[in-house]
Amino acid sequence: MRERLNTAPFGYLCITNQGVITELNETFCNMIGYTFEELLDTHIESVMSVSNKLLFHTYFYPFLHLNGHVEEMYLSLKDHEGKDVPLLLNAKYFKQDDVEGVDCVFMKMGKRIDYEQQIRSAKKHAEEALREKNLALDKLELLHNEIEKKQIQLMKLNTKLEKLSVTDSLTGLKNRRFFMERLKEHIALFQKNNMPFSLLILDLDFFKKVNDTWGHLIGDHVLIKLAEVLNSTFKVEDIVARFGGEEFVVLLPEANKERSKEKAEELRRTVQSAEWRIDQIITVSIGVATMQNGDSDMTIMENADLALYASKENGRNRVTHKDDL
Amino acid sequence: MTNVLARNNVKVLGEGEKTIIFGHGFGCSQSMWRLMVPFFESKFRVVLFDYVGSGKSDLTAYDPEKYNSLYGYAQDLIEIIEELELNNVIFVGHSVSSMIGMLASIKHPDYFESLIMIGPSPRYLNDEAYIGGFEVSDVTELLDLMEMNFEGWASFMSLLAMKNPEKPMLAQELEKSFTAVDAEITRQFAKVTFLSDHREDLAHSTVPTLIIQCSDDSVVPIEVGEFLHSHLKNSTFRLMEAKGHYPHLSHHEETVRLINEYLLLP
């Protein structure tokens, strides 16, 4: 057993608490290329570089002192030619009878140290890459925030544009496009739930004369004023729009024939008695149609138009319902 | 306002008119003085502390810019003295702490009565005729060794900091707190220490100084002690019988005796 320890596949040393080598095996001698006699009774630090000595003093001795053992300490010793031999050291303090000291076992780190170096440089690369990644991420986040801000601006702009695209710029009422879409929706509702509604088409009487006599500016003023009358006469659920020129339309949800005639009559009176600030009587002719089975957007518009035509034919400033024709 | 006493984990022990402050060296903490303190507690007020980045100091106070030179550490020492309203301090510094104490004393000579340097060096690197003991390649090797052994080193320092080896759970907790940041701090402290050069400052030091050096110091060559002695006014040089670089741990009685003789204590 003792014989075999001499050539066992690890370097063995025993040192005093002061670091003087008192026992060693052949494997250790071969590891660093010294003879048994050259190493016996010398200080272990005599085969160490100054940095390894410092490591020994700041780590090995205090740790041993504190715990009685040191595990997996990495260090290197100088071989006979002065070359570094990287080693892994386990050490343990012992006391037997009157003898005390430190048993040290060394393993060569030949290939392992290459792996370690590779791992260390890979770790450094990874850390560097991580730093760069984080920097890039920060930049990306900044960009993202900017995009978000722009998107909000864009959405606001979009809402504004949408509003503009369905609004008549002169009167501020909804335009024809908007009205036709709502009309189609109400037809669909009627087909689905049988929800009734009626349609008014109104036309300013003698509007050409207003323009010719007072000029287009006054003409525009009359149109704006009429829009105000329409807005104050109808509820918000009612859909009021300028259809084109001096022609306006109103959709009255849930209104049957009687109700729609009442509302149309109310409007006609309000227009007649409104203050127009020009020396000309302003009146409207109104045609009304109520949605019936089989009607489409085209037919109900035609029906209301026919009723309007009748109002005009019969002397203007009056209300006609299609069903009364 | 930073809490200086918490930042540097300052401990005040003992009785006495005079104050003795112990400053630990690189890779250590105030617990390195545990064998020495009992000899001084009865005669002095003893102040122990950890440098920021070491022991149980406040790691969040670590500023890589401030501690990129020994002046940052010297400033902290001055702040500890001011916070405790001390004067005529005897400062005992091991290794790099000797220079930190000297830099503080140059700025405020009136704070110090004497400096006791154990294993000091104004420059660890060789420089033409000057023998510091280290080549640049040695410092690189040391940084590598530290990195390769950091796990073990960290657990060792955490054990020391806890001083509770019988409670390994606590030490494990603390060990966890030794993260990559600490490796970076220890690495910078090593760099700052071993690449420092304060030979020019020696001429500005006026406080009486005792230089204690181990015979056959494993880190600092004997020439460095002699260099210091010849460049420091009012200095006394004592070569110890002890070998190594940590006489306050390995031969604390001889270390205490030399300090007592210098301070003319019985």
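Guide: H4(A) passes H5(B) in a right-handed crossing; a crossing is right-handed if the near helix is turned clockwise from the far one by less than a right angle, and left-handed if anticlockwise. The two axes cross at roughly 40° and come within 8 Å, where axes are lines fitted to C-alpha atoms over the stretch in contact, and angles run from 0 to 180 degrees between N-to-C directions. That makes H4(A) oblique to H5(B), since angles under 35 degrees count as roughly parallel, over 145 as roughly antiparallel, 65 to 115 as roughly perpendicular and the rest as oblique. Helices here are DSSP runs of H or I with at least four residues, and strands are runs of E with at least two, numbered from the N terminus.

Before we go further, please keep in mind that this is a predicted model, in which local features need pLDDT of at least 70 and side-chain atom pairs count only at pLDDT 80 or more, while totals for chains, interfaces and linings use all residues. Residues are numbered from 1 along each chain as its sequence is written, and chains are lettered from A and ligands numbered from 1 in the order in which they are written.

On the H4(A) side the contact is made by Val50(A), Ser51(A), Asn52(A), Leu54(A) and Leu55(A), and on the H5(B) side by Asp138(B), Glu141(B), Leu142(B) and Leu145(B); two residues are in contact if their C-beta atoms, placed from the backbone, lie within 7 Å. By class, this contact has five nonpolar, two polar and two charged residues, with Ala, Val, Leu, Ile, Met, Phe, Trp, Tyr, Cys and Pro counted as nonpolar, Asp, Glu, Lys and Arg as charged, and the others, Gly among them, as polar.

In total, 20 residues of chain A are in contact with 23 residues of chain B. Helix H4 (50–67) and strand S3 (69–78) of chain A each supply at least two residues of the side of chain A that touches chain B. H4(A) gives the most to that side, with 13 residues. The side of chain A that touches chain B has ten nonpolar, six polar and four charged residues.

A residue is buried if 20 or more other C-beta atoms lie within 10 Å of its own, exposed if 12 or fewer, and partly exposed in between, with C-beta atoms placed from the backbone. Leaving out residues up to four places away in sequence, Ile100(B) touches Gly23(B), Leu70(B), Tyr73(B), Ala74(B), Leu77(B) and Gly93(B).

Asp41(A) sits in the loop between helix H3 (36–39) and H4 of chain A. Asp41(A) has a positive phi of about 70° although it is not a glycine, and with 10 C-beta neighbours inside 10 Å it counts as exposed. On the other chain, Glu128(B) lies in the loop between strand S5 (112–118) and helix H5 (136–148) of chain B. Phi of Glu128(B) is near 50°, a positive value in a residue other than glycine, and Glu128(B) counts as exposed with 5 C-beta neighbours inside 10 Å. As background, most residues other than glycine have a negative phi.

Chain A has ten helices and ten strands, and 29% of its 325 residues count as buried. Chain B has eleven helices and seven strands, and 47% of its 266 residues count as buried. Among contacts with a separation of 6 or more, residues 24 or more positions apart account for 53% in chain A and for 73% in chain B.
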